[in-house]
Amino acid sequence: MGSGRSSPCSSHGNSSPGSRPGSGELDLVPPRPEDLLFWLQQRTKEDFGEPARETLLLASAVAAASCEQDQDAVETAVERFLASWSDLTFRDGPEGVVGRLLHLGWLVESGQGIDAVHDIVTDELLRRAVLPGGDTVRGDVLKTLLSAFLAGGRTFSVASRHLRRWTADLEATHRRAVERACANWLVGSTDQLAALVADEPGASRSIMLTMLSGPPWRKGVNDSWDRLVRPWLDETEQRDPGEAATVLASAVHNSVGGVSKHLADACLAWVNRQWTTRDVSQLLRDLLEADGVSARDCDKAAEHALRWLEQQRTMTKTGARLLATLLRRKDLEADRAVAVIDFSLAWMRRSKRNPDAGLVLRPLLLRKDLDETRQTDAVERALAWLGAQTQPTATALVLDAALRSENLQADKEERVTRRALAWLKKYGFHIDASFVLEPLLARCRRGVANPRAVLDHTFGWLRLHAPAGRATYVLAELLLREDLGTRRAATAVDAAQTWLRAHGLVGDAKFLLSALLIRSDIDREAAQKLAGDAVTWLTRHGLGSGGLYVVAALLRPDAAGGYVDRAARTVLTLLNDNDNPALVRSTLAHVLRCHGVGPDALRDAVGRALDLLEEIEPEFEATYVLGPLLERRRFLDGQTSRAVDLALTWLDRHGARPEASFVLDPLLGLTDLTDEETEVIEGVAQEWLADHLPSENARFVLSQLLQQRQHARDWPEPVETLAFTWLRLHGDHPYASFVIAPLLQRWDADRPTDAVDRALSWLRNNPTAEGVPHVVSALTASRDIGLDQYVRCIDGLLALLDAGPGPAAALLKGVRFRRDLDPGRAARLAEYALGVLEDEKIPPDRGLLIGLLRLALSPEHQRRAVRLAFRWLESPAAQTTKVGVLEVLLKRDDLRADQLAGALELAAHWINKTNGSNLGRLLGSVLGNSRVDASYRAAATGRTLEWLGSYGTHPDASNVLAVLLDRLDLAPKDGETVAAHAEAWLAAVGGESWGRLAVEEALCRYRERQAAPAPPS
């Protein structure tokens, strides 16, 4: 067996995890669990890997699981095992087995005899004994081990605890197999175990607690209740009712996977028999606070608790805690809940000065089933109690609950807020002020409380307590505000980042991580670090326990950047260890909705979503992932029919519900459908609209139908008619932009004037709505729109800007500026655009700047616009965003000489340093500017010919081809090269491609010039 090899705790040998390499002295530092596990796995593989050593392995598992206790007792358990295992070739005996483990260092001497060096040793030996291959539980082996543990009460007590701990970490299928093996073993061993429990009362309590509390014993204990547990409980109760109550309460408190019916019945039966003892309230509290108690048993416990409370002459702290537990139960039957609430209110009327009343007030105020009368009464009782109490912590907790109460009447809300502000004046620097500040800040966000006073108190508190653990709640709520101002926002962000450096791995860091991740004023470097911290937190805590809060913020729809894709991949990996369908569904929905996720992660999420939806029933909640899945149609990769089948299956069951629009919307947006699929989808949409056209949700379906012209061609009513019908009901609401914008984009040159009126009316009523840019763009951006209609739209837009009910930036964001707009309107539009672009508080808008530069501008407006253009061109913005600005700047024919020189200098730098496809637009602007001198033009021409060699068939090549073909000074060889590129370009692009007509006409002119006779010399 290699006795010369070192043990995990040996001081000899440099491979032991307990010794320092090169050190000859004993290292007293214990081995780390991960090192010990690695060492143990290597040694057990060597020592027990051969079939001939199986007996040694099983006997070693018995020895380790029998510790910690006297060595004689451990050897007795091993001897019992060896007697039942009957391996005649094994000669070591119990003394040899235990002695070997002591020699190797797996067992060590302890204060109570001998013990395993770490629980990992016991777990690994049990695993190798019972689950050696990792796929099959050896039930007969486990039963033999269990019989060996019957060697003594202490032995079975410690072994049952070890087995319970080891079982908890197993996969669900293996855990169930272990439970069944234990239950089957107990069927034939109940009498022996019962005798052991009766003979050794010192160990019996520990045995019963372990076996009553959960797997792997619950099934067997329930099956053997009347022969094993009931006699022991009856005997214990006769001897000491309090001890029986303590055992029952502990078993309830420590139950894993819910409280069994037998255990709940035993608790209630004890309460009935021992009604007058002081232990009743604690047992009832434990039962009411436990998870998994049936509704019937919970109601019985609540009935007993309320009856016990009614019989108390005075309310002690014990009674207040029981009443608070009752109030925290959200699943009480309606009549029982009302009785508990009324009892609490009645008691509060008599207990204004009782300090313990705060324990009751808090859960009472937080109940969501209080009617108006009872809520008013509860708030009055709370205000009266607060006026009589001075203890900061107790009053802060009650104020917290009062501030969180929902649907308070305005006068009560005002009084509670005043009381909270008065409390802050007195105790605002106390650590427990966090309980008051957090809900007050939330009320400020809803416009209820005075934000200035609350913010002053908050920042005063943070100066003292920002590093404290509970500051996360205050900081998280504070960071959700968008009106802190630059200085205070920076202070809050800095405090939050400092807090995360100290506490970033604790569970409650999720609140602060989520609040910081959604802020837009975090610089890119800090955002990347924050995302990394969030991923680290998720890796440690998983997706449960609030992890979805972090995922939702980390993968919010507008999140972008490489770190977002890395985070998405990590989140998807975490799903491998999760079998909760609801959590998996929500996580996949966040990944699919996030625009910053890369293609590989999206394809992974799409595949997982398809698999999930096929595995589960098409319940209503599937829409949360089905909708985002269908929106990612580019990543279905040939699986469109699979997704369509899932959607139609869901619609077949839930298609009549209003929420079906969230599935119909992206389903109608799919393009590679079969004729049969299209017909079925259109039929479902038509039926749904027939029932739900007046609803708000109809906007999603109408929007898709208006955008996808191939749908609904043969419907009795045109989609446009349905849209106008819907707009008559909803046209003034902010969400009407969903229908107005695609309706405008669908018109042809004969579009009805009432649609323009509808859009302008909507803009007047909703100048700050999210959809304003889309409607403005739809009004002005169509290439089919005539100048007279364009002018009418601009007049309506200018009227809205003149009225000034909202920010001009939102109205101007989507405008298409046209150079043929008359000078008067252009000047008014330019003044508004310049006002937005020159406002340093508003983020620069490249699109608005480009539009402004297209207008015919007065000299003063031109000077200001060009100055803004150069500011953008010299900014740190990405180069790809600058090309468009420089292109339109060079197309202006009113640039001063110094302005043109500056623009050409920048153009020369980019033309010579880059070779992207978008360079064609810039080259076209340079070549088309008649004021460029000959040498510059010649250099630009040479560069253009080089560029055409790489991008001659790119759509942007039209920008240079037409200009070059009209150049009379082009060398004949170069002219033919350009003509060949033009012909190749025309063959490669579609018949309606932008610029096609200009290139065709320029090529015709070039050929005509080449065919014309040479002029006489």
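Colleague: How many cavities of 30 Å³ or more does the structure hold?

Modeller: The structure holds 2 of them, where a cavity is a set of points on a 1 Å grid over the protein atoms alone at which a 1.4 Å probe fits but cannot get out. This is a predicted model, in which local features need pLDDT of at least 70, side-chain atom pairs count only at pLDDT 80 or more, and totals for chains, interfaces and linings use all residues. Residues are numbered from 1 along each chain as its sequence is written, and side-chain values use heavy atoms, with hydrogens and water left out.

Colleague: What lines the largest cavity?

Modeller: Its lining, meaning residues with an atom within 4 Å of a point, consists of Met211, Leu212, Arg218, Val221, Asn222, Trp225, Ser260 and Leu263. The elements that give two or more residues to this lining are H9 and helix H10 (218-223), helices being DSSP runs of H or I with at least four residues, numbered from the N terminus. H10 provides the largest share, 3 residues, and the space in this cavity is about 40 Å³, a volume being the space filled by probe spheres set on the points.

Colleague: And which residues line the second largest cavity?

Modeller: Those are Val836, Leu837, Ile842, Pro843, Pro844 and Asp845, around a volume of about 30 Å³.

Colleague: Switching to helix H7, is it enclosed or open?

Modeller: H7 is largely enclosed by the rest of the structure, because 12 of its 16 residues are buried, that is, under 20% relative accessible area with a 1.4 Å probe and protein chains only. Among the buried residues are Phe156, His162, Arg164 and Trp166, and what covers the buried residues of H7 includes helix H2 (54-65), helix H5 (119-130) and helix H8 (172-199).

Colleague: How far does H7 reach from its first C-alpha to its last?

Modeller: Helix H7 (residues 153-168) reaches 23 Å, close to the 22 Å expected at 1.5 Å a residue, where the expected span is 1.5 Å times one less than the number of residues.

Colleague: What about Phe435, which helix is it in?

Modeller: Phe435 lies in helix H22 (residues 434-445), and Phe435 is partly exposed with a relative accessible area of 26%, which falls in the class between the buried limit of 20% and the exposed limit of 50%.

Colleague: Which residues is Phe435 in contact with?

Modeller: Leaving aside neighbours within four places in sequence, Phe435 is in contact with Ala396, Leu397, Asp400 and Arg470, contact meaning heavy atoms within 4.5 Å.

Conventions
1 Å grid on protein atoms, 1.4 Å probe; cavity = no way out; pocket = protein on both sides within 12 Å on 5 of 7 lines; lining within 4 Å.
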